[in-house]
Amino acid sequence: MPAMGIPTTLMFRVVVILFAVTTTAAAGNTTGSPSSAANSTSSPTKNTTAPLPPFGTNHAVGDGTGWFFDWKANASAANYSAWAANRTFYLGDYLSFKTDTGNTVVHTTNATVYKLCSTGVTASGGGSGWKPEGAFLAVMLTAEGANYFFSDAWNGEHCQKGMRFEVSVARGRGLPSVPPSYYEPLSGAAPAGTRRGGTGTVCVVAMAAAFAAFVFS
């Protein structure tokens, strides 16, 4: 019997319409939108591995200026700290110093030695009539992390007036496979002419002769 006087035919039609609407809505919810389908489809994997850096890059310290002290200006011939700040360094790279025998190159990983501009040994120029001779030196970077370079000539005066710089050495490809006689890592046994301090190794290179750079293919 029809409820509340509503015809049976009308009630049937209402039920059918409600059922159809409910079924359509449910079907729409289970069907992903184009954007959802696109999001669920994984994109092709991209190779994000950075290429390895070049091996054995040579960095000419001071570029064309070289490694010198300008006596007229009473300062370093170049801003060596600024020079180093604009470059990236890796293990196995070389720092080449175009200089003369009136300067020295001190290479250390000891921040205190670098700050003091001193290795504890007096270094000065020659006597009266002495003239410096041209020299060239290539130093391989063999210690990862902070490396310090300075000239301790004239009791550290050169260093105090700008002949100093710091480089941060990244691993890159690692050290090259070359004969041990080509270089001596700071972390290894101290070679002749190297003084080892309590908190690090200081390698002092006197400019008494020319040194050849090693080139690796």
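The model is predicted, so to speak of local features pLDDT of at least 70 is needed, side-chain atom pairs count only at pLDDT 80 or more, and totals for chains, interfaces and linings use all residues. Residues are numbered from 1 along each chain as its sequence is written, and side-chain values use heavy atoms, leaving out hydrogens and water.

**The sheet**
- Three strands make an open sheet in the order 1-5-7, with mixed pairing; strands are DSSP runs (E, at least two residues), numbered from the N terminus, and two of them pair if DSSP finds at least two bridges between them.
- Strand 1 (58–60) and strand 7 (134–140) each have a single partner strand, so one side of each is left without a neighbour in the sheet.
- Strand 1 runs parallel to strand 5 (residues 94–100), and three bridges join them.
- Look for His59, whose bridge partner in strand 5 is Leu95.

**The aromatic rings**
- The whole structure holds 12 aromatic pairs, meaning rings of Phe, Tyr and Trp (its six-membered ring) with centres within 6.5 Å; planes under 30 degrees apart count as stacked, over 60 as edge-to-face and the rest as tilted.
- Tyr114 and Tyr148 are stacked, because their ring centres are 4.7 Å apart and their planes are at 25°.
- Both Tyr114 and Tyr148 are buried (under 20% relative accessible area, with a 1.4 Å probe and protein chains only).
- Trp67, Tyr80, Trp83, Phe89, Phe97, Phe149 and Phe165 form one aromatic cluster.

Definitions and conventions: Helix = DSSP H or I, 4+ residues; strand = E, 2+ residues; numbered from the N terminus. Buried < 20%, exposed > 50% of the residue type's maximum accessible area, 1.4 Å probe, protein only.
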